[in-house]
Amino acid sequence: MEPALLFPFRHVRHCVVFCILLFAAIASPAHAQARGPLVLAAASLQEALTAAADSWTKKGHPRPVLSFAASSALARQIAAKAPADLFFSADQEWMDYLAGRNLIVSATRVDLLANRLVFVAPVRSRVSLVVRPAFPLAEALGGGRLALADPDAVPAGRYAKEALTRLKVWPSVEGNIARAENVRAALALVSRGAAPLGIVYATDARADSSVRVAGWIPASTHWPIVYPVARLAASSNPEAESFRRFIVSAEGKAIFRQYGFGTR
């Protein structure tokens, strides 16, 4: 009986060795699975860009890795040599900042999206604002603070400060600003009731059912809100350019419009 038992054992042993060798071959760099591009994107793009990544992945591509924060913080990370493949900014200035340092592939830069600024209030608030020169914003705050993304660096905050300055109300509220690290953090302050009013993008207001729009800020009071996207010069991921082309395509633009963005 022993010879009969040894024969299958030898075959099992050979099978195990074969499987180990096959696994090693598959796991080797030559057979490694493609890696999705790393995209550094403005915080206000969370829902829309995630939807675009979902659509791209369904086409059989490796899923892009998305990292959201203030455009200012992301641009500084890129300038400090943080690895990434694409940058999607909420304004042109931070893209210009990288372009001036030769950190983007200029030929891939596209001014893709547009947005609007709005005042938001907690959903149960009754505050309603008619936004015009010298309107009583400080009175509407009722002693509370106005939530803004950092007006010294973050695009949403800079647009907001410019608008309030042109509307001649910035001096009346400058001392009552709740500075947030990005526009979604400013939105969260209003959503949680920590601030009675905030200024965010219209797309942000749509993304949070705990707030409502209390007033629209005229587009004529600030520089046009433009979202450029570009491939980074340091990128070596072959999927990066493919994904960039997808999001600037007609199909990609349609996804962003579903989330309230204007397209260019």
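**Sheet, helices and aromatic pairs in a predicted model**

In this predicted model, helix α8, which comprises residues 183-191, lies across the strands β5, β6, β7, β8 and β9, and its direction runs at about 160° to that of β6. These five strands form an open sheet in the order β7-β6-β8-β5-β9, in which the pairing is mixed. Because β7 (177-180) and β9 (211-216) stand at the edges and each has a single partner strand, one side of each is left without a neighbour in the sheet. On average, and with direction ignored, neighbouring strands of this sheet are turned by 35° against each other.

Strands of a sheet pair through backbone hydrogen bonds, and the pairing may be either parallel or antiparallel. Strand β6, formed by residues 146-149, runs parallel to β7 and is joined to it by 4 bridges, and within this part of the sheet L148 stands opposite R179 in β7. Helix α6 (residues 155-166) also packs on the sheet, where it touches β5 (117-122), β6 and β8 (197-201), and the direction of this helix makes about 115° with that of β8.

For the protein chain as a whole, 11 helices and 11 strands were found. Of its 264 residues, 46% count as buried, and the accessible surface comes to about 13,200 Å², of which 57% belongs to carbon and sulfur atoms. Among the contacts between residues at least 6 apart in sequence, 77% join residues that are at least 24 apart.

The structure also holds 9 aromatic pairs. One of them is formed by W56 and F243, whose ring centres lie 6.0 Å apart and whose planes stand at 50°, so that the pair is tilted. This pair links distant parts of the chain, since W56 belongs to helix α2 (residues 46-58) and F243 to helix α10 (residues 238-247), 187 residues apart; both W56 and F243 are buried. A further aromatic pair, that of F88 and F256, is edge-to-face, with 5.9 Å from centre to centre and 70° between the planes. Here too distant parts of the chain are linked, with F88 in strand β3 (residues 86-88) and F256 in helix α11 (residues 250-258), 168 residues apart, and both F88 and F256 are buried. Ring pairs link F88 and F256 with Y201, Y227 and F261 into a cluster. In another arrangement that involves a ring, the charged end of R101 sits over the ring of Y97, at 3.8 Å from the centre of that ring.

How values were computed
Residues numbered from 1 in each chain as written. Predicted model: local features only at pLDDT ≥ 70, side-chain atom pairs only at ≥ 80, totals over all residues. Heavy atoms only, no water. Pairing = 2+ DSSP bridges. Helix = DSSP H or I, 4+ residues; strand = E, 2+ residues; numbered from the N terminus. Axes fitted to C-alpha atoms, helices over the stretch in contact; angles between N-to-C directions. Contact = heavy atoms within 4.5 Å. Buried < 20%, exposed > 50% of the residue type's maximum accessible area, 1.4 Å probe, protein only. Areas by Shrake-Rupley, 256 points an atom, 1.4 Å probe, with all protein chains shown as cover. Phe/Tyr/Trp six-rings, centres within 6.5 Å; stacked < 30°, edge-to-face > 60°. Lys NZ or Arg CZ within 6 Å of the ring centre and 35° of its normal.
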